[in-house]
Amino acid sequence: MSVLWMTSLRPIGKSLENDKIQELFVNSLENFGSKITLSLTQFDDDGVKEYINNKKINKFFINFPRNKLPSGTKYSNKIMLDNALDQYLENNFEYLVYSTADILLPNNLFEEIESIKQMIGKDKEFCSLVFPNILNKNGNIKSYTTPHYGIDFFIFRLTKKSVLKLKKSIKSWDQYDWG
């Protein structure tokens, strides 16, 4: 199993809370070893390249200069997705995952993914929306069960043919910041 994990990190060193949360996230990815390759598209975010280069994790790192974005914007999920889809096409990944960098990954994540694949068929494509329902605040787990709204990550199992269709479908889509 090989996974391309698309995310972006917040600037390093500007918020102790963000740094701790991102550290937990990256460490949880490292625990899965070579199964995961990060697809990071950053937008001139301070300290991120240095931070991630010191981690023992496979990665693609692209810095997209913020001055190439529309005035007043900080990032684009569409640019991140486009970069990740190119990486997916150029390599042999079985899964594409998108998540924020403020989640904790369950240790059984890949066993659950494999069970989905077995249930629907080894050659089938799918998309799973995952809601871990774990609230992590200031480095402490506050709640495992209280619903915390929002989709924490998406898991796609796609053929390269479907990835090409997705790339074509987002070509005219411009997206910046939360929009």
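1. The model is a predicted one. The protein has 5 helices and 8 strands. Read along the sequence, these elements follow the pattern β-α-β-α-β-α-β-α-β-β-β-β-α. Of the 179 residues, 39% count as buried. Among contacts between residues at least 6 apart in sequence, 68% join residues at least 24 apart.

2. Helix α1 covers residues 16–30. Its 15 residues should span 21 Å at 1.5 Å a residue, and the end C-alpha atoms are 21 Å apart, which agrees. The buried residues here are Ile21, Gln22, Phe25, Val26, Ser28 and Leu29. Viewed down the axis of α1, the buried residues fall within an arc of 155°, so they line one face of the helix.

3. The largest nonpolar core has 26 residues, and those with the most contacts inside it are Trp5, Leu109 and Phe153. Two or more residues each come from β1, α1, β2, α2 (48–53), β4, α4 (109–120), β5 (126–130) and β8 (153–157). Another core, of 15 residues, lies apart from it; Met6, Leu69, Ile79 and Leu96 are among its members.

4. With a relative accessibility of 1%, Trp5 counts as buried. Not counting residues up to four places away in sequence, Trp5 touches Phe25, Leu29, Ile36, Thr37, Leu38, Ser39, Val97, Ser99, Leu105, Leu109 and Phe153. Two of these residues, Phe25 and Phe153, form one aromatic cluster with Trp5.

5. Now the opening question. Ser76 is found in the loop between β3 and α3 and is buried, with a relative accessible area of 1%. Ser76 caps the N-terminal end of α3, where a side-chain oxygen lies 3.3 Å from the backbone nitrogen of Lys78. The side chain of Ser76 also reaches the backbone nitrogen of Ile79, at 3.1 Å.

6. Helix α3, the one capped by Ser76, covers residues 77–90. Its 14 residues should span 20 Å at 1.5 Å a residue; the end C-alpha atoms are 20 Å apart, which agrees. The buried residues of α3 are Lys78, Ile79, Met80, Leu81, Asn83, Ala84, Leu85, Gln87 and Tyr88. What covers them includes strands β1 (3–7), β2 (36–42), β3 (58–63) and β4 (95–99), as well as helix α5 (160–170).

7. Asp86 also has its place in α3. Asp86 is partly exposed, with a relative accessible area of 27%. Asp86 and Leu164 are 78 residues apart in sequence, while their C-alpha atoms are 9.1 Å apart in space.

8. On aromatic pairs, the count comes to 9. Trp5 and Phe153 form a tilted pair, 5.6 Å centre to centre with 40° between the planes. This pair links distant parts of the chain: Trp5 is in strand β1 and Phe153 in strand β8, 148 residues apart. Phe153 is buried, with a relative accessible area of 0%.

9. Phe60 and Phe93 form an edge-to-face pair, 6.5 Å centre to centre with 75° between the planes. Phe60 lies in strand β3 and Phe93 in the loop between α3 and β4, so the pair ties together parts that are 33 residues apart in sequence. Phe60 counts as partly exposed at 26% relative accessibility. Phe93, with a relative accessible area of 14%, is buried, because the cut-off is under 20%.

10. One backbone angle should be noted. Phi of Asp44 is near 60°, a positive value in a residue other than glycine. Asp44 lies in the loop between β2 and α2. At 39% relative accessibility, Asp44 counts as partly exposed.

Note on methods. Residues are numbered from 1 along each chain as its sequence is written. This is a predicted model: local features need pLDDT of at least 70, side-chain atom pairs count only at pLDDT 80 or more; totals for chains, interfaces and linings use all residues. Side-chain values use heavy atoms; hydrogens and water are left out. Helices (H or I, at least four residues) and strands (E, at least two) are DSSP runs, numbered from the N terminus. The expected span of a helix is 1.5 Å times one less than its number of residues. Buried means under 20% relative accessible area, exposed over 50%, partly exposed in between (1.4 Å probe, protein chains only). The arc is that of the directions from the helix axis to the C-beta atoms. Contact means heavy atoms within 4.5 Å. A polar contact is a pair of N or O atoms within 3.5 Å; within protein, one must be able to donate a hydrogen and the other to accept it, and residues adjacent in sequence count only if both atoms are side-chain atoms. A nonpolar core is a set of buried Ala, Val, Leu, Ile, Met, Phe, Trp, Tyr and Cys residues joined through side-chain atoms within 4.5 Å. Rings of Phe, Tyr and Trp (its six-membered ring) pair if their centres lie within 6.5 Å; planes under 30 degrees apart count as stacked, over 60 as edge-to-face and the rest as tilted.
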